[in-house]
Amino acid sequence: MNEKKKINLKTSTPTLVIFAILMAAEIVIAQFLTIHTWNLKITLSFIPVVIAARIYGPIGGGLVAGVGDFLGAFMFPVGPWFPPITLTTAAVGVIFGLFLKNSDNFLRVLISVLISELIFSMFITPIWLMMLYGTDYWILVGSRLIQVAVLIAIKLIIIPPILKLTNILAKSYRKEFS
């Protein structure tokens, strides 16, 4: 009996390699292709997170975002590592996974971007920065208005084509390893 082996996508070597590549891409983009100060960050590091979220869902998005943030904070510190910021970053990856795993719908893209930027970036991250640096919360929120507006626009332009490209790559991956 000649049975074709199926690869378990959750524990296969190709999957682990993809996770490693996405985490490395997240770190490189976040550290070297980012406008970054202690309280502001304009970056494209969401791209590998969105790809992981699209392919592997909330857990994949959360892992790439969280582990990428953790490793990046230690390898290239901008300030002290603060676990709640990493958890918030991972939560954004989870949100992308929840909304983008099985849908190309622009409304789902819009909702995930608004949650990530308006809730997490605009209001939750300033709580952690306030605790870390002792800066007034509302000053931090006000200083993030431009960052949030820019990133909403960038994400709404970039995420839809990333989802389409990821669909093409995932189909090719499935053909190769099934």
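A residue counts as buried when its relative accessible area is under 20%, as exposed when it is over 50%, and as partly exposed in between (1.4 Å probe, protein chains only). The model examined here is predicted, so local features need pLDDT of at least 70 and side-chain atom pairs count only at pLDDT 80 or more, while totals for chains, interfaces and linings use all residues. Residues are numbered from 1 along each chain as its sequence is written, and side-chain values use heavy atoms, with hydrogens and water left out.

To begin with the overall layout, the protein has six helices and two strands, arranged along the sequence as α-β-β-α-α-α-α-α. These elements are DSSP runs numbered from the N terminus (helices: H or I, at least four residues; strands: E, at least two). Of the 178 residues in the protein, 41% are buried. The protein exposes about 9900 Å², of which carbon and sulfur atoms supply 73%; accessible areas come from the Shrake-Rupley method with a 1.4 Å probe, and for residues only the protein chains shown count as cover.

Ala-30 counts as buried because its relative accessibility is 3%. Beyond its neighbours within four places in sequence, Ala-30 is in contact (heavy atoms within 4.5 Å) with Lys-41, Thr-43 and Ser-45. The C-alpha atoms of Ala-30 and Ala-73 are 9.9 Å apart, although 43 residues separate the two along the chain.

Val-28 also lies in helix α1, but this residue is partly exposed, with a relative accessible area of 42%.

Two salt bridges were counted, each being a side-chain nitrogen of Lys or Arg within 4 Å of a carboxyl oxygen of Asp or Glu. In one, the closest N and O atoms of Arg-54 and Asp-104 are 2.5 Å apart. Arg-54 lies in helix α2 and Asp-104 in the loop between α3 (83-100) and α4 (106-133), so the pair ties together parts 50 residues apart in sequence.
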